[in-house]
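Here is a colleague's note for someone opening this entry without having seen it before. Please keep the sequence and the model in view while reading.

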Amino acid sequence: MKNPFNEHVRVRFAPSPTGFLHIGNLRTALYNELLARHFNGDFILRIEDTDRTRIVEGGVENICRSLQATGVIPNEGIWLDEKGELFERGDYGPYLQSACRERHLEQAEKLVTMDKAYYCFCSTEHLDDLRKKQQAKKQPTMYDGSCRKLDPTEARKKVESGESHVIRLKLPKHGLISFNDIIRGKVTFDWSVIDDQVIIKSDGFPTYHLAATSDDNHMAISHVLRGEEWVSSTPKHLFIYEAFGWKIPQFAHLPLLLNKDKSKLSKRQSDVATEDYLKNGYLPEALLNFVALLGWNPSAEREIYSHDELVELFSVEKINHSGAVFNLEKLDWLNSQYIKQLPKKKYLKLARTYLETAITDDAYIDRCLLMLSDRIVRFGNVTDLAKDFLDLKKDYSGVSLTWKKQTTEDATEKLEALKELLESLSADDVAKMEKSESAIKSLILERGWTNGETLWPLRVALSGQEKSPSPFELLAIYGKDRSLGLLENALKHLRAS
RNA sequence: GGCCCGUUCGUCUAAUGGUUAGGACAGCGGCUUUUCAAGCCGUUAACAGGGGUUCGAUUCCCCUACGGGCUACCA
């Protein structure tokens with residue numbers, strides 16, 4: 001995308017601290033960051049905490065942590081330092097919305113004096129009642145405007161006497177309002193269907209509509225990239241920009257992330273917290289890559305892009321118009337691709353942080369983890385995968401130590417010979433796959449056996465499973481002594497049956 | 001109910017006023033093989049429907065259907 005406005009790009013990600021970073025919001029944050037970095041602009045983190053009832057303790061820190069973990073890092077706004085303390089950086093603060101309340105209040109009052117807003121004294125009961133009646137009659141649910149007609153002097157007197165009130169926007173009653181969305185093109189609304197929005201609540205805090213608009217202006221935001229759910233309130237925001245004569249930013253409304261049933265991605269149906277994906281062992285790079293390609297695609301001939309490549313290729317105009325189902329299967333595949341690309345050292349380090357085991361033999365654990373590296377989809381299941389190769393108590397119940405129609409006696413004969421062979425090998429040779437493989441294969445050749453009737457019992461003896469990595473890999477990770485122990489166990493089991 | 005937005009394989013998507021409509025995941029089949037996984041190769045599968053415009057529409061326009069969002073003193 002060229003920068004058609006030839007201006008400094010300033011974008012913001014402005015979540016509410018309601019507990020965690022929603023995965024859809026991670027994508028919104030990412031797209032903002034990609035746009036900013038693509039044009040060497042600024043990416044700002046602002047926290048919208050004007051709904052005092054929904055604030056969750058630690059919510060801001062959590063958002064910062066998730067952004068940091070995924071590498072979507074603002075260069076202005078709210079930060080979290082190493083000690084876990086929040087601080088602000090930038091010339092356009094405060095970046096915590098509640099700290100701007102005075103400005104919001106002043107601006108709301110100014111709108112009232114400009115006759116662009118008015119005091120409203122209607123009770124929530126009255127409004128609920130009104131809405132119910134309208135719904136019953138299948139009429140559009142809108143404020144009846146009773147306070148809109150109030151004499152301004154009277155209204156002010158009531159306010160001064162301490163009567164509970166809100167401030168509502170005094171929107172036009174007819175005519176059209178249009179704006180140009182970078183993604184969708186021209187979007188038009190009829191003013192008559194847009195309600196007089198509350199901009200200051202009775203608790204004295206502004207609503208999103210005033211606060212976000214005011215802050216975007218204050219912070220000189222050039223492009224507003226936000227979720228599609230905001231399309232229908234954009235006219236209200238435009239009204240405020242125009243009332244004050246502020247410069248209007250470019251808008252781009254992002255398609256939503258969807259559940260399997262195509263409704264808006266929700267906690268009910270899907271995992272939505274970024275931190276949970278990370279906890280489950282998805283790599284931040286893979287998660288970011290995946291989420292970036294949900295609703296936007298630079299070429300479609302490639303699936304794997306680094307963060308820097310995304311920055312390079314990003315363009316808002318190429319963002320899709322329709323929502324995207326959050327498809328876990330593809331995420332799993334992508335993550336496994338990223339895991340396979342990991343350098344050995346890093347892979348082991350990560351796998352170890354997820355692995356729960358009582359075993360203390362590090363070299364053994366490492367060999368086991370390396371063996372599993374192309375079986376791991378996400379690190380969250382590493383313990384499950386490794387369990388059977390770290391815990392050597394195998395009872396062989398429910399698995400067959402015999403290959404196809406092989407008899408127990410035959411399998412016993414093979415295992416006994418293999419045991420003898422292993423005993424004759426040095427521990428070093430057992431630890432080397434090529435050595436044990438060639439020794440075993442020549443034994444098979446020598447005796448005129450088949451691979452199946454020899455290798456199957458061996459492999460099941462070593463793994464305790466009918467499906468597992470190859471016996472040579474298993475010998476190598478266990479080493480001579482453990483392997484011999486397992487063969488002995490298997491033989492006992494065969495003799496007893 | 002009203003308003004707004006959307007609609008290419010099951011899913012994520014590409015491309016185009018003239019293509020055998022491309023790729024990826026999943027599925028299926030094969031190779032490899034002692035089994036599984038991985039890998040490699042192959043394969044099934046889509047332009048929502050109807051009208052226009054046009055020599056020609058998946059592509060442009062309209063209608064319908066379907067889906068979604070909004071319709072709060074939540075964001």
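1. The model is predicted: local features need pLDDT of at least 70 and side-chain atom pairs count only at pLDDT 80 or more, whereas totals for chains, interfaces and linings use all residues. Residues are numbered from 1 along each chain as its sequence is written, chains are lettered from A and ligands numbered from 1 in the order in which they are written, and side-chain values use heavy atoms, with hydrogens and water left out.

2. Which part of the RNA faces the protein? Of the atoms of RNA strand B within 4 Å of the protein, 72% belong to sugar or phosphate, and the rest belong to bases. Sugar or linking oxygens of RNA strand B lie 2.9 Å from a polar side-chain atom of S16, 2.7 Å from a polar side-chain atom of D51, and 2.9 Å from an N or O atom in the side chain of E303.

3. N451 counts as partly exposed because its relative accessibility is 41%; buried means under 20% relative accessible area, exposed over 50%, and partly exposed in between (1.4 Å probe, protein chains only). Leaving aside residues up to four places away in sequence, N451 touches K441, I444 and W456, a contact meaning heavy atoms within 4.5 Å. R46 is 405 residues from N451 in sequence, and the two are 65 Å apart in space, C-alpha to C-alpha.

4. W456 is also touched by T402, whose contacts, not counting residues up to four places away in sequence, include T407, T408 and A411 as well. T402 is found in the loop between α14 (382-390) and α15 (408-424), and it is buried because its relative accessible area is 16%. Its side chain makes a polar contact with the side chain of S400 at 3.0 Å; a polar contact is a pair of N or O atoms within 3.5 Å, and within protein one must be able to donate a hydrogen and the other to accept it, while residues adjacent in sequence count only if both atoms are side-chain atoms.

5. Three strands form an open antiparallel sheet in the order β5-β6-β9, in which β5 (117-120) and β9 (198-200) are the edge strands, each pairing on one side only. Two strands pair if DSSP finds at least two bridges between them. Four bridges join β5 to β6 (residues 166-169), and A117 stands opposite L169.

6. Strand β1 (residues 10-13) is covered on both faces, with R10 and R12 buried on one side and V11 and F13 on the other. Four bridges join β1 to the parallel strand β2 (residues 42-45), where F43 stands opposite V11. Elsewhere, β7 and β8 form a hairpin with three residues between them, and the bridge partner of N180 in β8 is K186.

7. Helix α7 (residues 234-244) is mostly covered, with 10 of its 11 residues buried, and it is followed by G245, whose phi is positive, near 70 degrees.

8. Some backbone values deserve a look, given that most residues other than glycine have a negative phi, and most peptide bonds are trans. A cis peptide bond joins G93 and P94, with omega about -5 degrees. Phi is positive for D115, near 65 degrees, and for Y396, near 60 degrees. Are these two residues buried or partly exposed? D115 is partly exposed, with a relative accessible area of 45%, whereas Y396 is buried, at 3%.

Technical notes. Helix = DSSP H or I, 4+ residues; strand = E, 2+ residues; numbered from the N terminus. Near = heavy atom within 4 Å.
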